[in-house]
Amino acid sequence: MKQPVQELMAQYRDNLFAVAFNVCKNAQDAEDVVQDTFIQYYTSKKEFESGQHIRAWLIRVAINKAKNVTRTFWRKNKLSLEEYMETLAFDTTESEDLFETVMGLPKKYRIVIHLFYYEDYTVREIADILKLSESNVKVRLLRGRKLLKEELQEEWKDDE
């Protein structure tokens, strides 16, 4: 017996998410586990005896995948932004605030700003690292600076 994946997703997605979340303690990881579980079901050649057998199998696979996620090197050594910030030493509170603002930018601007100002890479080097054109890096720097300026002006207005 093999049920269509769409039916199973509608029926068991929330249950599998809850199981995975209890193990992972992280919503994004739990979502990944649920997705991987359904992918494994879809690619599996296994024949199931009943709907209960499918449900039990899905839960077991989700638990195992969630445990694997919690054991990975990346997961064990992952820091939240707040924990990472505590490991950094800043000369002033302004430089710490600026770094936090940079880290709050959208990813494509945050990366080029960080590489340019904090890691002292040139535009050409950043283009090589990110596999972008130099003009694209320049545009992202320009737009990132503009966003930073807007964010910092809002903070200064709030302080007045």
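Which residues does Ser-44 touch, not counting residues up to four places away in sequence? I began my notes on this predicted model with that question. I found that Ser-44 touches Lys-2 and Trp-57.

**Entry on Ser-44.** I located Ser-44 in the loop that lies between α2 (27-43) and α3 (51-71). I then looked up its accessibility: Ser-44 counts as buried because its relative accessibility is 18%, and the cut-off for buried is under 20%. I also noted a polar atom of the Ser-44 side chain 3.0 Å from the backbone nitrogen of Lys-46.

**Entry on α1 and α2.** I recorded that the axes of helix α1 (residues 5-24) and α2 come within 8 Å and cross at roughly 140 degrees. That angle makes α1 oblique to α2. On the α1 side, I listed Val-5, Leu-8, Met-9, Tyr-12, Arg-13, Leu-16, Phe-17, Ala-20, Phe-21 and Cys-24 as making the contact. On the α2 side, the residues I noted include Ala-27, Ala-30, Val-33, Val-34, Phe-38 and Tyr-41. By class, I found 16 nonpolar residues, one polar and three charged in the contact of α1 with α2.

**Entry on Lys-131.** I placed Lys-131 in the loop between α8 (123-130) and α9 (134-159). Is Lys-131 buried or exposed? I found Lys-131 exposed, with a relative accessible area of 71%. I also noted that Lys-131 has a positive phi of about 60 degrees, although it is not a glycine.

Key. Residues numbered from 1 in each chain as written. Predicted model: local features only at pLDDT ≥ 70, side-chain atom pairs only at ≥ 80, totals over all residues. Heavy atoms only, no water. Helix = DSSP H or I, 4+ residues; strand = E, 2+ residues; numbered from the N terminus. Buried < 20%, exposed > 50% of the residue type's maximum accessible area, 1.4 Å probe, protein only. Polar contact = N/O pair within 3.5 Å; in protein donor to acceptor, adjacent residues only side chain to side chain. Contact = heavy atoms within 4.5 Å. Axes fitted to C-alpha atoms, helices over the stretch in contact; angles between N-to-C directions. Parallel < 35°, antiparallel > 145°, perpendicular 65-115°, else oblique. Nonpolar A, V, L, I, M, F, W, Y, C, P; charged D, E, K, R; others polar.
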